[in-house]
Amino acid sequence: MAPPETRRFESGRAVLAVVRLLPRISRPRTALFAATTVLTAALPLAMTIATGLLIGAVPAAAAAGPGSTEARDAYLLLGAGVAALLLGRLVTHFHQAVAFNLGRDLELLLQDRLLAAVARPVGITHLEDDDVLALLRIARQLGADFIRPERAVRGLAAIAPEFLMAAGASAVLAFFNVWIGLAWLVAWPAVFIAMQADYTRVGRTAYMRSTEMRETEYLRDLAITAAPAKEIRVWGLMGWLMDRYDRQWNDRMAYSDRHQRLSPRTAVFVIGVLLVLTVATAVALVNAGLTGAVAFGALAVYLVALTTMFEFSAFDDTAAFLSLGSLPVPKVLALEGELTEGERPVTAELPPAAPARSLRFEAVDFAYPGADRAVIAGLDLEIEAGTSLAIVGHNGAGKTSLVKLLAGLYEPTGGRITADGTDLAGVDPAAWRTRLSALFQDFTRYQLTVRDNITFGAPHLAGDTDLIWKACEPMGIRALIESLPDGLDTVLSSEYGGGTDLSGGQWQRIALARALFAVQAGAKVLILDEPAAALDVRAEAELYEQFLDITAGLTTIVISHRFSTVRRADRIVVLDGGRVVEDGDHDDLMALGGRYAEAFTLQANRLARSPQEQP
Ligand SMILES: Nc1ncnc2c1ncn2[C@@H]1O[C@H](COP(=O)(O)OP(=O)(O)OP(=O)(O)O)[C@@H](O)[C@H]1O
């Protein structure tokens, strides 16, 4: 397996990205952060210098006796040192609080920008893109313990003052010897950068294998989530799952062991530089003291400055968190950049009543991203507004793909789709969305209240309880909802206290009510993809009959394998290989004696034993 790819100055760029984002959270708080950073560095340094000077002043003060100028100076130095110490402690606490606050808001900012970015592309193609999903996995980990950007800000809050303090101590030592001062000034950043580069290399292994980790996490989720739990138990898959998970996990750990070690070269470099410089400085200072080249007081200041150098936390958790916590930040921003490219300009205005005349597929081609085969090929289809159309065809014929294109979830790779002559590719997606109501085969069972599950069809009308009942009654679920512990406010999930789950058919009725709610809110096109697969044949026929009454005058497109539903549509098209191969109403197609007639007769014969269920 390839080692993590390295990039120049990745850690520096990541930290810079964090720093650049801080003013976007709050300029005043960022200014405060900068000010407390300087004070957190300056006050301990002032205390260090005062202490050194005090040590130097004590012999003279003792000789001169109490009340002397020398004694007064010594007391002044003591006072200054104590004041700097106390103030330093206070400022440090304040500084940490500001950092914590900024860090927490940075995570919120990143999460918000991430959600906005993911929602930005019109369709859902990006959510099936491997690279985007790998980045999204990293972004999803933002709240995970060791890579929190919040910790990066706290790391920065700790390290920046230490850095300034070390620079100040270097300046103090420069008074003793310019070269020694300069050497320390260069040594610390070098040591720090070397350590950060190593932490970054280690940290990157956590991100670089995002795709593999997605697979491992999928296996774990299969084992611990309720939805697949039934099959996992029925098929006895737990052993297989654990075995596969363990193998992938061990493989990852072996990889980590290989790549997540700090490099011995860095350790030798860091220890070597510090050792040589410390010994050289100490020897030079002691020599200068012994030969009398430097006064005792000054010597004390220099020695304290030398010890201050080691306040610097280049090697501890703080330094590691600075890189680990800031590394995901550029990745989230990269995701933002990548998804911005998915936006498209609005070039056409959708007529207010569209579609009032027709919806047209004009020579539409479509292939899923990354697929080499077109699922829709040169499709021409005009759907008259205000009529019902049923789409039939064998599995994989392209029926769902066709309605996904109409719903704007994907864009045609060729041709165009128009509403009253306006190309949908150029209209504001939000405007088109308000004209549509769609219920897909794999509709979502929101683990939220009944009210949410229904009003998500038109969230701006969530408070209109009368409208909710109007959507529920034709679906025959009002009595069911009223019998639930909290009525419309009951959570539809047994994973929450007071919540309840529903049967497959009941869920389908809830989802249909959601689609109907959107219709009542003004949607003009209703797409139903296998709307009643979970209902028994008679219930489906009754329900669809109701639907046709309620949706009269609406443009309705229904996909179904049930001919009891299909035959009631004004028009039926048979799709094969992404093209229309038969077109007409039920009687036309039966008279044609083609695929429709064949499939209808087959289903009718199968159900013949149960006369009331005949199509
Ligand atoms: N997200 C996707 N990415 C890649 N290929 C896809 C995707 N969704 C569907 N396909 C492929 O597109 C083809 C048409 O699928 P589609 O769902 O439109 O068929 P369908 O007619 O609705 O079938 P069914 O009756 O089984 O629901 C299938 O071959 C399927 O494998």
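I began at the ligand: by class, its shell has four nonpolar, six polar and two charged residues. My classes are Ala, Val, Leu, Ile, Met, Phe, Trp, Tyr, Cys and Pro as nonpolar, Asp, Glu, Lys and Arg as charged, and the others, Gly among them, as polar. The residues around the ligand are E128, Y368, A371, V375, G393, N395, G396, A397, G398, K399, T400 and S401; a residue is near a molecule if its C-beta atom, placed from the backbone, lies within 6 Å of it.

Housekeeping: this is a predicted model, where local features need pLDDT of at least 70 and side-chain atom pairs count only at pLDDT 80 or more, while totals for chains, interfaces and linings use all residues. Residues are numbered from 1 along each chain as its sequence is written.

**Cores**

Next I looked up the largest nonpolar core, which has 72 residues, with V18, L156, L173 and Y302 making the most contacts inside it. A core here is a set of buried Ala, Val, Leu, Ile, Met, Phe, Trp, Tyr and Cys residues joined through C-beta atoms within 7 Å. Buried is 20 or more other C-beta atoms within 10 Å of a residue's own, exposed is 12 or fewer, and partly exposed is in between, with C-beta atoms placed from the backbone. Helix 5 (residues 149–176) gives the most to this core, 13 residues. Helices (H or I, at least four residues) and strands (E, at least two) are DSSP runs, numbered from the N terminus. Another core, of 63 residues, lies apart from it and includes F361, L381, A390 and V403.

I then picked V18 and skipped its neighbours within four places in sequence: V18 is in contact with L106, P149, A152, V153, L156, S326 and V329. Contact means C-beta atoms, placed from the backbone, within 7 Å.

**Helix pairs**

How do helix 1 and helix 2 pack? Helix 1 (residues 10–25) and helix 2 (residues 27–64) have axes 5 Å apart, at an angle of about 130°. Axes are lines fitted to C-alpha atoms, for helices over the stretch in contact, and angles run from 0 to 180 degrees between N-to-C directions. I therefore logged helix 1 and helix 2 as oblique to each other. The cut-offs: under 35 degrees is roughly parallel, over 145 roughly antiparallel, 65 to 115 roughly perpendicular, and the rest oblique. L22, P23 and I25 of helix 1 meet R27, R29, T30 and F33 of helix 2.

For helix 10 (residues 264–291) and helix 11 (residues 296–308), I found axes that come within 10 Å and cross at roughly 170°. That pair is therefore roughly antiparallel. T281, A282, L285 and G289 of helix 10 touch L299, Y302, L303 and L306 of helix 11. This contact divides into six nonpolar, two polar and no charged residues.

T125 is in the loop between helix 3 (69–119) and helix 4 (130–140). T125 counts as partly exposed, with 16 C-beta neighbours inside 10 Å. Beyond four places in sequence, T125 is in contact with P369 and Y410.

Where is the cis peptide bond? A354 and P355 are joined by it, with omega about 0°. P355 is in the loop between helix 13 (328–340) and strand 1 (358–366).

I also noted A363, a non-glycine residue with positive phi, near 45°. A363 is in strand 1 and is exposed, with 12 other C-beta atoms within 10 Å.

Key
Two residues are in contact if their C-beta atoms, placed from the backbone, lie within 7 Å.
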